[in-house]
Amino acid sequence: MSRVQAVDHLVISVSDIARSKHFYRPLFAFLGFEVMDEMDNAMGWRHASGRFWIYQADTQGAKHPYRKGDIGFHHYAWSLKSRQDVDALQRWLEQHGATIVDPAGEYYPDYYAVFFLDPDGMKLEGMHYG
């Protein structure tokens, strides 16, 4: 029987690759990711926890803006080392004009998180459990 070792990578399609690179490049630098590759229509980052790619949506796909609640991507969360790291992420997001939809706080017992949106409105999360 095959066993998964880890999540290797996530790939998302974006409506405007330049705008998304402008958002994700500094965010991933702040989170400790390094650039793995960059092309005109794509960019990828890596971290010990996995890889994350953005690709320009094709013409047909760009006609359908992202809407949370549709089938597909709901949100993606990064596990951070401490509540202080979640707070630092929120300060960074505020300084960079990101849309915060749910500010840093305890959402479940011992679950502290901040929720924010990328340029296409996809929900992202920085969280600490425990």
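The radius of gyration used here is taken over C-alpha atoms, and the globule rule is 2.2 Å times the number of residues to the power 0.38. By that rule, a compact globule of 130 residues would come out near 14 Å, and this protein chain has 15 Å, which agrees. Keep in mind that this is a predicted model: local features need pLDDT of at least 70, side-chain atom pairs count only at pLDDT 80 or more, and totals for chains, interfaces and linings use all residues. Residues are numbered from 1 along each chain as its sequence is written, and side-chain values use heavy atoms, with hydrogens and water left out.

**Fold**
- The protein chain has three helices and eight strands; helices (H or I, at least four residues) and strands (E, at least two) are DSSP runs, numbered from the N terminus.
- Going along the sequence, you'd read β-α-β-β-β-α-β-α-β-β-β.

**Packing**
- Of the 130 residues, 35% count as buried, meaning under 20% relative accessible area with a 1.4 Å probe, protein chains only.
- Take the contacts (heavy atoms within 4.5 Å) with a separation of 6 or more: residues 24 or more positions apart account for 49% of them.

**A look at Val114**
- You'll find Val114 in strand β7, which covers residues 111-117.
- Val114 counts as buried because its relative accessibility is 0%.
- Leaving out residues up to four places away in sequence, Val114 touches several others, including Val86, Leu89, Ile100 and Leu124.
- Asp85 is 29 residues from Val114 along the chain, and their C-alpha atoms are separated by 10 Å.

Conventions. Buried means under 20% relative accessible area, exposed over 50%, partly exposed in between (1.4 Å probe, protein chains only).
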